[in-house]
There are 2 protein chains.
Amino acid sequence: MAKRVSHRDSMCGVARPLDAIGDWWSLLIVRDAFDGLRRFGEFQKSLGLAKNILSARLRNLLAHGIMETVPAADGSPYQEYVLTEKGRGLFRLLVALRQWGEDFFFEPDEAHVLLVDRKSGLPVRRLELRAQDGRVVGAEDTMVRLPSA
Amino acid sequence: MAKRVSHRDSMCGVARPLDAIGDWWSLLIVRDAFDGLRRFGEFQKSLGLAKNILSARLRNLLAHGIMETVPAADGSPYQEYVLTEKGRGLFRLLVALRQWGEDFFFEPDEAHVLLVDRKSGLPVRRLELRAQDGRVVGAEDTMVRLPSA
DNA sequence: TCGTATGGTTTCAATTTGAAACCATCGTCT
DNA sequence: AGACGATGGTTTCAAATTGAAACCATACGA
């Protein structure tokens, strides 16, 4: 499962997470988990992927501490898969992915699901990246800086 | 390259983008492009991946309109690969990935590159998702709603 | 006790990946 | 002109991954 590390011996801040969730299915499983799915069968039905693959992906998510198994919930003798704190940390990544999809993968008039604020029922705003002083910044306004400097 | 569609005939707002950039390398190429890399050889050296794979990934990024080739820049007879508007739209997704990585993939004292505001030189804030009324909202505060409702 | 629902593992063919070798074009040096 | 290196790929082929289907195991209810 662990892909080869990049030619540098230490993986950068983007590559390292990709090793954990860098495949098609894992993120979809996490998204379904955010939507409340918990059971092996639920994930399989929702995603329509082969059971062996789902099994492998869940194992990988468990190994990376993104999900964990909990013994039961409704009394059934099975275990359930739930997001850990680390897994819940993927929320904004999923939102970013969804918003990018809305921007570029749907026709303007094409219907698609909306992420809405529970309290108001209104759609959420776009994700915003701000500088310390509160300015919204984009790619042009930022750069990466090496550790020590 | 096009993976099988989920069991539903129409891919959801998260799955559709994943079809375009849902593999390990593509996002790393895009990240390098944000860092100013443009040439085939630069990407290959930076990422250390096989040339045939890089070739296939670039072709895929071009096909999805995430990158495009431009004839030249410094007069050399080669083409260069640059991000399109759609590609630049991935900025916040990369930031989300990076911030998640910082949160969970590095020891607290482990050095890592920082994304800083060019103007001030200070690290940027965390990505924020807000409701219409300006409240910062998390996963618990949101839900997805079907198109028409 | 038989059937069924759930949650997997095993098997095996097909696809994808990736390392290495090869090829093509351009510019330069002699 | 001819040799040569740099750049940007494609081809080849073995190894790893994927995925569909079959199989297995356990719990439960009729």
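Modeller: Start with polar contact: it is a pair of N or O atoms within 3.5 Å, and within protein one atom must be able to donate a hydrogen and the other to accept it. By that rule, 33 residue pairs are in polar contact across the interface of chain B and chain A, both residues at pLDDT 80 or more. The pLDDT condition is there because this is a predicted model.

Colleague: Which elements supply the side of chain B that touches chain A?

Modeller: Helices α1, α2, α3, α5 and α6 and strands β3 and β4 of chain B each supply at least two residues. The largest share, 13 residues, comes from α6(B). By class, that side of chain B has 42 nonpolar, 15 polar and 26 charged residues.

Colleague: Why is the pair Glu110(A) and Arg16(B) called a salt bridge?

Modeller: The N to O distance between their side chains is 3.3 Å. The cut-off is 4 Å between a side-chain nitrogen of Lys or Arg and a carboxyl oxygen of Asp or Glu, so the pair qualifies. The count between chain B and chain A is 4 salt bridges.

Colleague: What makes β3(A) and β4(B) a pair of strands?

Modeller: Pairing needs at least two bridges, and these strands have 4, in the antiparallel sense, so they count as paired. As one of the bridges, Leu114(A) has Arg145(B) as its partner in β4(B).

Colleague: How is the size of the interface put into a number?

Modeller: The size of an interface is often given as the accessible area lost when the parts come together. Chain B and chain A bury about 7,900 Å² between them, with 64% of it on carbon and sulfur atoms. In residues, 83 of chain B are in contact with 83 of chain A.

Colleague: What makes up the surface near DNA strand C?

Modeller: It has 7 nonpolar, 5 polar and 5 charged residues. The largest share, 4 residues, comes from α4(A).

How values were computed: Residues are numbered from 1 along each chain as its sequence is written. Chains are lettered from A and ligands numbered from 1 in the order in which they are written. This is a predicted model: local features need pLDDT of at least 70, side-chain atom pairs count only at pLDDT 80 or more; totals for chains, interfaces and linings use all residues. Side-chain values use heavy atoms; hydrogens and water are left out. Contact means heavy atoms within 4.5 Å. Buried area is the accessible area (1.4 Å probe) that two parts lose on being put together, summed over both. A polar contact is a pair of N or O atoms within 3.5 Å; within protein, one must be able to donate a hydrogen and the other to accept it, and residues adjacent in sequence count only if both atoms are side-chain atoms. Ala, Val, Leu, Ile, Met, Phe, Trp, Tyr, Cys and Pro count as nonpolar, Asp, Glu, Lys and Arg as charged, and the others, Gly among them, as polar.
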